[in-house]
Each structure stands twice: as structure tokens, then as C-alpha cells.
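Here are a few notes from my look through this one. Have the model open while you read.

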Amino acid sequence: MTVHKIAILVGSLRKDSINRKIARSIASQASERFHSEIVEIGNLPLYNEDIDAAPPAEYRAFREKISGVDGVLFCTPEYNRGLPGVLKNAIDVGSRPYGASVWDKKPAAVVSASPGAIGGFGANHQLRQLCVFLNMPMMQQPEAYLGGITGDKFDADGLLADGPLKDFVGKIAKAFADWVDVIVRARTEIAEDGAHAAKGR
Ligand SMILES: Cc1cc2nc3c(=O)[nH]c(=O)nc-3n(C[C@H](O)[C@H](O)[C@H](O)COP(=O)(O)O)c2cc1C
């Protein structure tokens, strides 16, 4: 079984972020299926086309990191029924220069978590909408709007404690690993078919 490389982007900069803990819990439950890294986004200067004329080191490092992965997992809170600015900024940075977006064709999934009842549904779907334009094949199911998430769901290591939520997160991790596998295989087959066709010409 292929072990894929996954970037996890967390839409919260808070030290005690529940979304970061969910991200770590997903990673720990899928370590046999993918190697993941939380890619930090808090250091990225606000996107500005003027400074991108000579891209700062932070932009370059971020783009390089995302270019090198097979898939992207977003774990995000909802801010005012939308996605947090820090995450939108990272997406904007990765989308440029025009025609060289690092997001193109990368399989993705969105998990949103909130202490509130609707689990960040608004942010989750806003992010899904951006991914349509960014041409990121999005895992459709299971949808992951994790509501009622408070500190007591986590153990002393900051990972989800045993229970139904941990089980559900395990299902998300497995489904995402399968999804990345499907998309990566399809892309490889298409590229190989293209190469054979070119040889036969
Ligand atoms: C600016 C701001 C706006 C927020 N808006 C929402 C919201 O629209 N919906 C929601 O469920 N929670 C909202 N919250 C509460 C967050 O869900 C809560 O702070 C959560 O713990 C943030 O995620 P984190 O723990 O990963 O940082 C908001 C919090 C902040 C700071």
C-alpha cells in the first residue's frame, strides 16, 4: 500500500486550538496510511501582489512544501460563519503566481470543529467552494462538521480520548487516505496513458 504525503493546514493560530488537536488526532489514527505534517501558516505575510514580484522566503517555502505533497487536509474553525483570514491568506499565497497554483489537482478534505452546535458548517462549505475554483478534488463523504468540541474531549497528550468522536475521526482519516489513493492513481494512469499515446504517434 502506498503511503502518501499529506499537508495539514490548521485555520487557527491558538496554542490550545481544538482544530489543531483534531488535526493531530487524525494524523495519529492514519499514520500507516499517510505521512502528514502540519504546515504552519501564521508566518505568511498578508498576500500582496507587489511583494510577490520578488516573493518573500515565507511564500517560497510554503509553495515548495505544498507542491511536494499528494494531498491536503484542512482542519479549521469557523469565524463569523466563514473561514478564518489566516487560512484564506495561505490559500491565496499558494494560488499564485497565476497559472502556477500549488493547489491544482491536489485531493483535499475539510474538517471543521467548534464548541458550537453546527460544527463550523459555514466555514467548511466556504472552503469547499474555494476548492472548486482551485481545482482540488474534494472528498465528499463523510462530511465533518464537528460540533460541541470542548477541551474535555481530549486526553493529556491533546489527542481525542476513546469514544464515538475518536471513532468518527478514525473513519474520516481512513476515507481521506482512500480518497488520496484514488486520485493519485487516476492521475498516474492518465499521465502514463498520455506517455504511451505520445510514443505510438
Ligand atoms: C473571531 C471569532 C469568530 C468566531 N465565530 C464563530 C462562528 O461563526 N461559529 C462558531 O461556531 N464559532 C465561532 N467562534 C468560536 C470558535 O469556534 C472557537 O473560539 C473555537 O475554539 C476556535 O477554534 P480553535 O479552538 O481551533 O482556535 C469564533 C471565534 C472567534 C475568535
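1. Bear in mind that the model is predicted. There are 14 residues around the ligand, and Ser12, Ser17, Asn19, Pro77 and Gly116 come nearest. By type, the shell splits into seven polar, four nonpolar and three charged residues.

2. On the overall layout: the chain has five helices and five strands, and from the N terminus they run β-α-β-α-β-α-β-α-β-α. The radius of gyration is 17 Å, close to the 17 Å from the globule rule for 201 residues, so the chain is as compact as a globular protein of that length.

3. Some numbers on packing. Buried residues are 37% of the 201 in the chain. Among contacts with a separation of 6 or more, 79% join residues 24 or more positions apart. The C-alpha atoms fill a box of roughly 60 × 45 × 25 Å along the principal axes.

4. Now helix 4, residues 121–133. At 1.5 Å a residue its 13 residues should span 18 Å, and the end C-alpha atoms sit 19 Å apart, which agrees.

5. Which residues of helix 4 are buried? Ala123, Asn124, Gln126, Leu127, Leu130 and Cys131 are.

6. What covers the buried residues of helix 4 includes strand 3 (71–76), helix 3 (85–95), strand 4 (108–113) and strand 5 (145–146). After helix 4 comes asparagine 135, with a positive phi near 60 degrees.

Notes:
Residues are numbered from 1 along each chain as its sequence is written. This is a predicted model: local features need pLDDT of at least 70, side-chain atom pairs count only at pLDDT 80 or more; totals for chains, interfaces and linings use all residues. Helices (H or I, at least four residues) and strands (E, at least two) are DSSP runs, numbered from the N terminus. The expected span of a helix is 1.5 Å times one less than its number of residues. A residue is buried if 20 or more other C-beta atoms lie within 10 Å of its own, exposed if 12 or fewer, and partly exposed in between; C-beta atoms are placed from the backbone. Two residues are in contact if their C-beta atoms, placed from the backbone, lie within 7 Å. A residue is near a molecule or strand if its C-beta atom, placed from the backbone, lies within 6 Å of it. Ala, Val, Leu, Ile, Met, Phe, Trp, Tyr, Cys and Pro count as nonpolar, Asp, Glu, Lys and Arg as charged, and the others, Gly among them, as polar. The radius of gyration is taken over C-alpha atoms; the globule rule is 2.2 Å times the number of residues to the power 0.38.
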